[in-house]
Amino acid sequence: MPIRDSEDHPGRAAAAVSSGALAEIADDTVQAHAQEVGEPEARSQWRLFWRRFFRHKLAVVAATVLIFLYIVTFFADSVSPYDIDQVLDDKTLADARQGPSLDHWFGTDDLGRDQLTRVLHAGRVSLRVGLLVALVSTVLGTAVGALAGYFGKWVDQVLMRITDLFLIVPGLAVLMMAQKGLSGKELFGWRMSSSAVIILILSFLFWQYIARVVRGVFLSLKEREYVEAARASGASSFRIITRHMIPNTIGPIAVNTTLVVGLAILTESTLSYLGFGVQPPDVSLGKLVYDYQGRVGGDTAYLVWFPGLAILVAVIAVNFLGDGMRDAFDPQSDR
Amino acid sequence: MLWVCWPAVLTFVVRRIAYSIPVILLASILVFGFTRATTDPLARFTQTRDPNLIERERLRLGLDKPLYPVSLRASMPPFEMNPESQYGRWISEFARGDWGESFTTRRDVKTEIWDKFKNTVKLITWGIVLSALIAISIGVYSAARQYSLLDYAFTGLSFFGLSMPAFWFALMAIDVFSFRMTKWFGLSEPMFFSVGLHNAGQTGFIDFLRHLALPVMTLSVQLIAGWSRYQRSSMLDVMSSDYIRTARAKGVSRTKVLIKHGLRNALIPLLTVMAIDIGALFGGLIITEQIFSWPGMGQLFVASMQTGDTQILLPWLMVTATFIVMFNLLADVLYGVLDPRIRLS
């Protein structure tokens, strides 16, 4: 298989792979079926993606950092150096207000509790919100965007008018009011925790972002020959959307899902900082900054540095990853 | 210089304005329902000992009336018309300029919002001017010296700017400029202050600038990060077009082409993006104003949120939404006026 070729000429490589795979198959119908499933081609497309992605050093580093952060915070209970519910005995209290050291990387607070432990646990909440918001809004946004782009007409009109309306109200203000109004309320008989409310309202804001992207791609894909061919051979709209169009939209969807993770982490931390985010017992990184903001300028200012730095590192890793993915999905990005 | 076909521009502008009126009206309907659903105007009376007070207030504010002029009912006919509705009363008073008085301060809402609005405009104006100058310079440089060391540095910095939580950056700026610098240089008072517009008893311009510096810095970081990226790609786009090559081939100097042909054309898309961002700023300064105790619109919103003052929240949302619509309109019009290709197509 001409792998060297595939780097420079994606199109030729794809043709070479499928003709190689098809050489053994004589039967015409099987051939047509293999082409429709598109398995050999899909595999090589992904290989091209990874090839381009790994060439993007910064994105690889960002992905590694991000995976590391997710693993470390997910297992925060066993990874963190101290217990989150540390017993406040004399020994702990003697450690109070110590700056960053080998024992306490991020220092300790007024009660001698380890700040790294608290940042890890708060980071778990923040990163979880980011991931879940991205997933929910991607599923919702892809579904609505696909319908609007494929069927057009009134579905499209309704979607575009709704997103227009969301654009003209100040987002942060609306999020704050929604959080205050919804917290403590029940949804289908299930009492929502503050982070569930946050995930809900952030997804409600971000889904339209994905929907607009998917709609845009669908509008151009709709005119492609393979969609026309599928329709001519009797494929249902559902099949065309799920088997042909969505797989070809996977690039923009994946990139924007990644970017939404970063946006969601930032927005959640902002809301929590303003006091309209996750509420105790949950603690997020923004809440930690909020709790210690009075320390700015004093000896214990490090209590503010590290939670904010954690947000910055996570979001910048997400953004670099998204940037790298965008380049990797774009066949014209080789320079 | 700029050839403009006025009748065409006029119809274009009028059409855009006509389109934005129903948008604002629809927004007012949604904003009203949303505010009523999330914020209870009577919540501030939960501690009261007077059992009739809540009922009296309810009647005074008309909260016993149906929400909208038209409501869906299960009974026949399907639509019920309500001549007296909360929304109807509010929107007619709002349109007539009778915005009522604040629940908490008892001041006239219109003067309250106008006072805060002026302070926000001060902050925004300085922030925009500074950000635009820096962002355009960075964008032009990065495009002129694409893939140079500084270009990479600016790209990296803009990633930081866009990924940085604004509130944390503000706190770090206070940490360094209001406290640590004072200590390092042994000053008697901080170089930049972090609270309010003026020190007590002072009204001077220098005092104002020393209060302005940190909020403007916070505001500018994200604007510069976004706008410089945009200006860079817009410049690169323009610089690769045919008329630039023609100008160069005719012997026009590199700098002159860059500024007279490149920058001028690249500014058109940037201006529209700036207009949209500026519109969003009127409601988006919540964090900056909150941290620096800047008595503007953002701080007014947070204060009204905490007291559940719907008398202020509703007009606040309407005013900011109107500004966003107005500046989006301005962006459209600017684009149409400055770039004839858009208007004529």
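**Helices that cross, and chains that touch**

Modeller: Helix 8 of chain A passes helix 11 of chain A in a right-handed crossing. A crossing is left-handed if the near helix is turned anticlockwise from the far one by less than a right angle, and right-handed if clockwise. Please keep in mind that this is a predicted model: local features need pLDDT of at least 70, side-chain atom pairs count only at pLDDT 80 or more, and totals for chains, interfaces and linings use all residues. Residues are numbered from 1 along each chain as its sequence is written, while chains are lettered from A and ligands numbered from 1 in the order in which they are written.

Colleague: At what angle do helix 8 and helix 11 of chain A pack?

Modeller: Two packed helices are described by the angle between their axes and the distance between the axes. Here helix 8 (residues 115-151) and helix 11 (residues 194-221) of chain A pack at about 40°, with axes 5 Å apart. Axes are lines fitted to C-alpha atoms, for helices over the stretch in contact, and angles run from 0 to 180 degrees between N-to-C directions. Their contact has 22 nonpolar, 9 polar and 2 charged residues. Ala, Val, Leu, Ile, Met, Phe, Trp, Tyr, Cys and Pro count as nonpolar, Asp, Glu, Lys and Arg as charged, and the others, Gly among them, as polar.

Colleague: How do the axes of helix 14 and helix 15 of chain A cross?

Modeller: The axes of helix 14 (residues 285-292) and helix 15 (residues 302-329) of chain A come within 9 Å and cross at roughly 160°. That makes helix 14 of chain A roughly antiparallel to helix 15 of chain A (angles over 145 degrees). The crossing of helix 14 and helix 15 of chain A is left-handed. Their contact divides into 9 nonpolar, 1 polar and no charged residues.

Colleague: How many residues of chain B are in contact with chain A?

Modeller: Two residues are in contact if their C-beta atoms, placed from the backbone, lie within 7 Å. By that rule, 35 residues of chain B touch 31 residues of chain A. Helix 1 of chain B gives the largest share of chain B's side, 8 residues. That side has 26 nonpolar, 8 polar and 1 charged residues.

Colleague: And how many helices does chain B have?

Modeller: Helices (H or I, at least four residues) and strands (E, at least two) are DSSP runs, numbered from the N terminus. Chain B has 13 helices and 2 strands.

Note on methods. Angles under 35 degrees count as roughly parallel, over 145 as roughly antiparallel, 65 to 115 as roughly perpendicular and the rest as oblique.
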